[in-house]
Amino acid sequence: MTFSVSCECGKNHAVSAGSAGSRFQCECNLTVNVPSLAQLRDMAGIVPIEAPLEFEIPELLESGTIPKSECADCGRTPAELVHFVADCEQLHTKSSGGFSWGMFLITGGQLFLWQDEVVEFHGRDTMIPTPVCLCSQCHRNLNSLRPQAIADQFGRILIIGGLLSLLVIHWSIAVTIFATGVAAKLYASKTAERFQKQLRLIIESEPMYRKIFRMYPDAIILVER
Ligand SMILES: [Zn+2]
Ligand SMILES: [Zn+2]
């Protein structure tokens, strides 16, 4: 869709939504600033119906309106684009909660910590891209918080190992192995939580992305590889 922007000299120019926020030179040599997409829409008298975020955000990304080019964490430049995706489908999930020893034993503790997240999926997948710019320092800091899948796997192996070895070795050793496994899994889930919190802090520096969490409070941020 095209909008109309007028130069101070009085000439009207047709601009596309994609040029929102940019500038160009009129034939009269004056520089014409193209307003933001929201302002263009406003000027054209388009009633600002709240476009669903999963459409609005990609549109803003495509037009280059977001994300800002400074580091989303410290504000420094240069910063480069890092890809994240907000997985919002958690809104449509229904947890069947409660701790279940049956599940715990069958899955070797796998569903122990995640019991509340044993979910039925409802509705559609809502994945919203949320790229931000990060300077190399902040990007490195973020990566260092990245949870290690190994701790989780290690914990699972120890839990299963502890349970199985109950039959063959002294119970106190088996229980120690088991407890170490539970601790490792707890550690893994705490690290994952901390990483998620930090990701969210960074993503929320962009006001547009903040809307995602207002609409989908349980959205989780995925790091694109
Ligand atoms: Zn002009
Ligand atoms: Zn930074």
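The donors of the zinc ion (ligand 1) are spaced C-x1-C-x16-C-x1-C along the chain. They are Cys7 (SG), Cys9 (SG), Cys26 (SG) and Cys28 (SG), and they coordinate the ion at 2.2 to 2.3 Å. Donors here are N, O and S atoms within 2.8 Å of the metal (3.2 Å for Na, K and Ca), and since water is not among the atoms, sites may look incomplete. The site of the zinc ion (ligand 1) is tetrahedral, with angles of 103 to 115° among its four donor atoms. Four donors count as tetrahedral if all angles lie between 85 and 135 degrees; four count as square planar and six as octahedral if opposite donors are over 155 degrees apart and all others between 65 and 115, and anything else is irregular. Ideal angles for four tetrahedral donors are 109.5 degrees.

The model is predicted: local features need pLDDT of at least 70 and side-chain atom pairs count only at pLDDT 80 or more, while totals for chains, interfaces and linings use all residues. Residues are numbered from 1 along each chain as its sequence is written, chains are lettered from A and ligands numbered from 1 in the order in which they are written, and side-chain values use heavy atoms, with hydrogens and water left out.

Where do cysteine 7 and cysteine 28 lie? Cysteine 7 is in the loop between S1 and S2, and cysteine 28 is in the loop between strand S3 (23–25) and strand S4 (31–33), so that the pair, 21 residues apart, links distant parts of the chain. Helices (H or I, at least four residues) and strands (E, at least two) are DSSP runs, numbered from the N terminus. Cysteine 7 counts as buried at 6% relative accessibility, whereas cysteine 28 is partly exposed at 34%. Buried means under 20% relative accessible area and exposed over 50%, with partly exposed in between (1.4 Å probe, protein chains only). The loop between S3 and S4 also holds asparagine 29, which has a positive phi of about 80° although it is not a glycine. Asparagine 29 is exposed, with a relative accessible area of 56%.

Strands S1 and S2 form a hairpin with five residues between them, and glycine 10 in the turn has a positive phi of about 105°. The two strands run antiparallel and are joined by five bridges; two strands pair if DSSP finds at least two bridges between them. Phenylalanine 3 has valine 15 in S2 as its bridge partner. Asparagine 12 belongs to strand S2 (residues 12–16). Leaving aside residues up to four places away in sequence, asparagine 12 touches Ser4, Val5 and Ser6, where contact means heavy atoms within 4.5 Å.

Cys71 (SG), Cys74 (SG), Cys135 (SG) and Cys138 (SG) coordinate the zinc ion (ligand 2) at 2.2 to 2.3 Å. The spacing of these donor residues is C-x2-C-x60-C-x2-C, and the site is tetrahedral, with angles of 104 to 116° among the four donor atoms. Cysteine 71 lies in the loop between helix H2 (53–62) and strand S5 (80–82), and cysteine 135 in the loop between strand S10 (132–134) and helix H4 (136–145), so the pair ties together parts that are 64 residues apart in sequence. Cysteine 71 is buried, with a relative accessible area of 1%, and cysteine 135 is buried at 5%.

The loop between H2 and S5 contains proline 67 and proline 78. The peptide bond from isoleucine 66 to proline 67 is cis, with omega near -5°, and a cis peptide bond also joins threonine 77 and proline 78, with omega about 0°.

Three strands form an open antiparallel sheet in the order S9-S6-S11. Its edge strands, each pairing on one side only, are strand S9 (127–129) and strand S11 (220–223). Strand S6 (residues 84–87) pairs with S9 over three bridges, and alanine 86 stands opposite isoleucine 128 in S9.
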